[in-house]
Amino acid sequence: MKKEREEDFENNLTGEEDNHQEENSKRSWFKRRKKGILTSTADKKETPEGLWNKCPNCNHITTTKELKEELFVCVKCNYHHRIGSEEYYEIIFDNSEYTELFDNIRSIDFLHFTDLKPYQKRLDEIHSKTDLKDSMRVAVGEINGEKMVVACMDFEFIGGSLGSVMGEKFSRAVDYCIEHKLPYLVISKSGGARMMESAFSLMQLAKTSGKLSQLSDAKLPYISMLTDPTFGGISASFGMLGDLNIAEPGALIGFAGPRVIKETIKKDLPEGFQRSEFLLEHGFLDFIVDRKQLKDKLHQLILLFRN
Amino acid sequence: MPQYPNRQFLDFEQPIKTLYEEIEKLKQTAEKSKIDMSDSIQKLQDAIVEKRKEITDNLTPWQRVQLSRHPDRPYTLKYIEKIFTNFVELHGDRNVRDDKAMIGGFAQLNGETVMVIGQQKGINTKARQLRNFGMANPEGYRKALRLMRLAEKFNKPVITFVDTPGAYPGLEAEERGQGEAIARNIYEMVRLKVPVIIVVIGEGASGGALGIGVGDKTLMMENTWYTVISPESCSSILWRSWDKKEIAAEQLRLTAKDMHGFGLVDEIVPEPIGGAHWDYDEASAILKSCIERNLTELKELDAQKRVEMRIDKYCKMGHWEELMADASMAV
């Protein structure tokens with residue numbers, strides 16, 4: 001199961017579709033063939049009873065509706081399923097109400113980058129398949145009555161990769177925070193920099209860090225929340241630069257991916273390596289927060305920073 | 001600098017090796033027959049220079065990557081020796097240990113004290129291991145940061161030399177926070193109050209490079225590469241095969257010319273004909289004059305202005321499309 005998850009992780013990074021569909025469908029009809037939440041929220045409300053979901057960690061079977069009521073956390077083993085920005089916004093904002101900002105910014109294939117398929121084609125395909133416009137959305141809303149700007153990544157959009165659009169949205173979100181004197185939360189879930197934008201994506205590390213410097217000068221709190229998975233350019237920039245760095249339980253977080261490390265050191269990696277609990281133990285996180293406590297915890301922090 | 005026959009030749013440099021061999025033959029013949037062959041030898045030597053030029057003029061991006069890794073290429077300590085005086089190497093991050101892949105210390109540039117920092121590769125097998133192939137651990141980045149803060153405290157400019165295939169992807173590196181170390185450096189370099197000049201002298205791989213690579217001016221030597229991932233790793237991830245590195249190198253647009261064209265680096269530093277490995281003195285002299293000129297310009301600005309311009313520079317990097325603002329854009 002772990003191996004399958006790793007493979008799936010890499011598929012998502014490169015924006016590849018699962019190509020073992022047929023195989024899998026024969027193996028089990030409980031198996032989720034696609035990770036993440038692909039259906040739009042509107043559709044989700046009409047989810048018919050009888051659509052099942054199996055926990056990747058403990059194999060506990062539940063209905064999607066029940067899982068949603070549990071905020072996509074397994075009731076049996078507390079496994080935090082990967083969810084997208086829409087789900088996070090619904091969880092943390094009062095009455096699930098928020099205003100999305102800067103959603104008119106789109107990626108372009110400036111370099112005409114082509115690997116197994118052209119970058120532009122990848123973008124077009126995701127745009128036609130999902131409601132997502134890029135790998136990060138920015139929203140402003142209230143958390144128990146306290147206003148906050150929340151940027152959140154969507155892993156299903158080319159592995160939540162950091163490109164020019166994420167850099168620009170991040171920057172504008174910082175400007176918005178400074179202008180309106182609001183705290184800033186970034187929920188990361190990403191494989192790292194977007195290779196199809198080459199050095200432009202690398203430079204987003206410097207760009208976002210520069211903006212955080214301005215946010216810091218304005219004395220506004222910045223909370224970085226890391227979720228499963230967060231790697232590469234994200235952890236080597238704003239992901240690790242929070243006034244507070246927090247994470248969901250069991251999230252895989254690191255600079256280099258587990259496979260690369262394993263190939264480099266030619267040894268098996270210890271159990272729990274690069275998980276949230278490992279990072280907490282090594283001093284890189286302030287605390288780990290369960291999804292069900294997230295909203296109240298954020299509210300508490302906002303008050304602690306302000307009063 | 002190694003001289004023939006101790007020189008190493010890459011595949012595409014083989015025609016130069018052939019010319020050297022011809023010269024050797026002529027020399028031997030001249031010795032034996034006591035005939036003056038100096039004209040012919042001179043012609044061949046001119047041909048070598050011609051060939052060096054011809055080869056570097058027509059390099060593919062992948063060959064440019066290979067040249068940046070040329071075993072005879074000068075590394076950070078060599079440039080420090082040739083460009084600066086009074087270098088005092090400083091060690092350690094004051095926490096874990098001294099990282100040999102990252103070096104730094106005070107030095108003087110025409111009598112003025114500066115802080116020099118850079119990744120260091122080894123010049124032979126043993127040294128390569130000692131230097132971990134120029135792949136720093138978190139303590140390397142933290143040593144670099146300590147030195148940058150030291151420079152800031154005493155108002156000395158910072159000059160960094162980037163030459164790394166990437167930050168080390170090891171188990172202990174993760175335990176000690178490789179991501180955090182690089183992130184912290186990027187963040188602090190963005191707001192460093194002294195002038196910061198970056199020189200890419202070899203490989204500029206991703207976060208490992210940017211961890212000492214944020215500054216007022218980024219200079220890229222002619223035969224170097226700088227991008228988000230090495231062509232090999234890019235090939236392995238996007239093409240699912242290690243064999244597409246040549247194509248990856250093309251697609252990534254990682255050469256100095258591309259990077260300068262994109263406005264992501266400020267200047268290309270010309271190298272001696274055929275590459276820096278043909279003449280360390282000339283390579284260093286050209287680089288020295290570029291550093292001097294940029295430093296003079298940067299020193300004229302006040303610290304706050306410099307930091308503002310630095311942040312502005314990075315904020316302009318990126319390409320996106322902006323659709324007509326819709327209702328949700330009511331900011």
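Across the interface of domain 1 and domain 2 of chain B, three residue pairs are found in polar contact, both residues of each pair being at pLDDT 80 or more; a polar contact is a pair of N or O atoms within 3.5 Å, where within protein one atom must be able to donate a hydrogen and the other to accept it, and where residues adjacent in sequence count only if both atoms are side-chain atoms. The model is a predicted one, in which local features need pLDDT of at least 70 and side-chain atom pairs count only at pLDDT 80 or more, whereas totals for chains, interfaces and linings use all residues. Residues are numbered from 1 along each chain as its sequence is written, chains are lettered from A and ligands numbered from 1 in the order in which they are written, and side-chain values use heavy atoms, with hydrogens and water left out.

The domain assignment of chain B gives domain 1 as residues 11-58 and domain 2 as residues 65-315, such bounds coming from an automatic or database domain assignment. The C-alpha centres of these two domains of chain B lie 35 Å apart, and the contact (heavy atoms within 4.5 Å) takes eight residues from domain 1 of chain B and nine residues from domain 2 of chain B. Between them the two domains of chain B bury about 740 Å², 65% of it on carbon and sulfur atoms, buried area being the accessible area (1.4 Å probe) that two parts lose on being put together, summed over both. In domain 1 of chain B, Glu13(B), Arg52(B) and Thr56(B) lose the most area to domain 2 of chain B, together 61% of what that side buries. The count of salt bridges between the two domains of chain B is zero, a salt bridge being a side-chain nitrogen of Lys or Arg within 4 Å of a carboxyl oxygen of Asp or Glu.

Over all chains, the structure holds 42 salt bridges. One of them joins Glu70(A) and Lys292(A), with the closest N and O atoms 2.7 Å apart; Glu70(A) lies in the loop between helices H4 (64-69) and H5 of chain A and Lys292(A) in helix H11 (residues 291-306) of chain A, so the pair ties together parts that are 222 residues apart in sequence. Helices (H or I, at least four residues) and strands (E, at least two) are DSSP runs, numbered from the N terminus. Glu70(A) is partly exposed at 27% relative accessibility, as is Lys292(A) at 40%, where buried means under 20% relative accessible area, exposed over 50% and partly exposed in between (1.4 Å probe, protein chains only).

A further salt bridge is formed by the side chains of Arg291(A) and Glu248(A) (2.9 Å, N to O). Arg291(A) is buried at 1% relative accessibility, and Glu248(A) is likewise buried, at 2%. In chain B, the side chains of Glu203(B) and Lys121(B) meet in a salt bridge of 2.6 Å, N to O, and both residues are buried. Glu203(B) and Lys121(B) are linked with Arg69(B), Asp163(B) and Glu232(B) in a network of salt bridges.

Asp94(A) is found in the loop between helix H5 (85-92) and strand S3 (98-101) of chain A, and counts as buried at 16% relative accessibility. A polar contact of 2.7 Å joins the side chains of Asp94(A) and Lys295(A).
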